[in-house]
Amino acid sequence: MFMMAHVVSPVLSASRSIWQALDQAAASGEPVALVTVVGVNGSAPREAGARMVVWKDGRTAGTVGGGTLEFRAIAAARDAIATGRPARLSVHLTRDLGMCCGGAMELFIEPQSPVDRVILYGAGHVAAATARIFALLGCALEIVDAREEWNSPERFPGAALHTGDPRAHARALLPDARTSILILTHDHALDQDLVETLLPRPSAWIGLIGSRTKVAKFILRLRAAGMDEALFARLHGPVGLDIGALTPEEIAVSIAAEWVQHRRGKGTGQPMMLGALRQARPAGG
């Protein structure tokens with residue numbers, strides 16, 4: 001009796017490597033772009049459906065044909081990662097790239113951004129309005145507030161709810177480069193404890209609600225407690241762009257706008273944190 005050997009076709013194997021690369025990038029929080037051959041006319045090095053994953057540093061998994069074509073595709077993919085916008089690349093292999101194949105290919109380039117994890121400490125009116133906007137931005141939301149009547153599925157549909165002690169939650173939290181933290185609680189003492197615990201952690205972004213005076217006092221207390229002053233620049237507080245916001249919904253818009261500005265690494269809006277830092281500057285500093 002002969003045993004049948006398990007054979008994996010090259011096409012199936014390549015497809016698996018692409019999806020494995022995408023899974024690994026998502027797990028590590030690395031943005032990548034998926035390049036797919038969507039059209040072929042005439043002789044070409046790859047068929048429609050061929051894929052390649054490109055990292056922002058130019059690393060790749062899979063191939064769309066090699067040579068000058070692939071060099072052009074990698075450059076376009078890196079641009080797509082930087083802008084966050086998909087793109088199409090249409091080329092005639094001989095006329096545009098000097099390749100001898102003679103055909104034409106069209107590639108679709110789609111940036112793949114891992115889901116952002118946003119943790120809101122506090123479940124009040126501003127938190128509820130802010131959560132709605134971050135949900136529209138495609139974020140995975142977590143709400144931390146011990147008050148079950150406030151921290152409910154009705155107020156925060158689709159979010160993961162934590163109704164235990166916020167201080168204990170913060171001490172156990174292991175944020176990463178895709179984790180953003182917003183401190184929006186109703187208790188100033190709790191806010192300060194959370195800032196003291198979470199500011200040294202390697203999160204992507206951390207915001208604190210309140211007045212400039214409140215934030216300045218926090219900084220003075222943290223400085224007196226011996227916290228590394230280099231960390232203060234990581235704190236976005238008072239969180240939100242200075243747009244004159246008054247209502248919970250307006251404040252939520254200002255918070256989300258500052259988060260997007262930070263995430264995209266651009267924008268001309270004025271963070272309110274600068275005033276708080278000036279207010280907390282030591283005499284003669």
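I take helices (H or I, at least four residues) and strands (E, at least two) as DSSP runs, numbered from the N terminus.

**Ground rules.** The model is predicted, so I keep in mind that local features need pLDDT of at least 70 and side-chain atom pairs count only at pLDDT 80 or more, whereas totals for chains, interfaces and linings use all residues. Residues are numbered from 1 along each chain as its sequence is written, and side-chain values use heavy atoms, with hydrogens and water left out.

**Overall figures.** I find 8 helices and 11 strands in the protein. Of its 285 residues, 41% count as buried, where buried means under 20% relative accessible area, exposed means over 50% and partly exposed is in between (1.4 Å probe, protein chains only). The protein exposes about 14,800 Å², and carbon and sulfur atoms supply 56% of that area; accessible areas come from the Shrake-Rupley method with a 1.4 Å probe, and for residues only the protein chains shown count as cover. I also looked at contacts, meaning heavy atoms within 4.5 Å: among those in the protein with a separation of 6 or more, 60% are between residues 24 or more positions apart.

**The largest pocket.** I recorded about 450 Å³ of space in the largest pocket. A pocket here is an open set of points on a 1 Å grid over the protein atoms alone, where a 1.4 Å probe fits, with protein on both sides within 12 Å along at least five of seven lines, and lining residues have an atom within 4 Å of a point. Grid points are joined across faces, edges and corners, and the volume is the space filled by probe spheres set on the points. Of the 20 residues that line this pocket, the closest to its centre are Pro31, Asp116, Arg178, Arg263 and Arg264. I see at least two lining residues from each of α2 (67-83), β5 (104-112), β9 (179-183) and α7 (248-264), with α7 giving the largest share, 4 residues. The lining divides into 9 nonpolar, 6 polar and 5 charged residues, where Ala, Val, Leu, Ile, Met, Phe, Trp, Tyr, Cys and Pro count as nonpolar, Asp, Glu, Lys and Arg as charged, and the others, Gly among them, as polar.

**Salt bridges.** How many salt bridges does the structure hold? I count 13, a salt bridge being a side-chain nitrogen of Lys or Arg within 4 Å of a carboxyl oxygen of Asp or Glu. Arg88 pairs with Glu106, with the closest N and O atoms 2.9 Å apart; the pair links distant parts of the chain, since Arg88 is in strand β4 (residues 87-92) and Glu106 is in strand β5, 18 residues apart. Arg88 is exposed at 55% relative accessibility, whereas Glu106 is partly exposed at 25%. Asp145 and Arg147 form another salt bridge, with closest N and O atoms 2.9 Å apart, and Asp145 is buried, with a relative accessible area of 5%. Lys214 and Asp191 meet at 2.6 Å, N to O; Lys214 lies in helix α6 (residues 212-224) and Asp191 in helix α5 (residues 188-198), so this pair ties together parts that are 23 residues apart in sequence. Both Lys214 and Asp191 are buried. I also noted that Glu30, Asp57 and Arg59 are joined into one network by salt bridges that share partners.

**Three buried residues.** Trp55, in strand β2 (residues 51-55), is buried at a relative accessible area of 9%. Its C-alpha atom is separated by 6.8 Å from that of Pro31, 24 residues away along the chain. Leaving aside neighbours within four places in sequence, I find Trp55 in contact with residues including Ala21, Glu30, Pro31, Arg78 and Ile81.

Gly103 lies in the loop between β4 and β5 and is buried, at 1% relative accessibility. Gly103 and Pro45 are 58 residues apart in sequence and 9.0 Å apart in space, C-alpha to C-alpha. Beyond neighbours within four places in sequence, the contacts of Gly103 are Asn41, Gly42, Ser43, His92, Leu93 and Thr94.

Ser254 has its place in helix α7. Is Ser254 buried or exposed? I find Ser254 buried, at a relative accessible area of 2%, and, with neighbours within four places in sequence left aside, in contact with Gly240, Leu241, Ile243 and Ala245.
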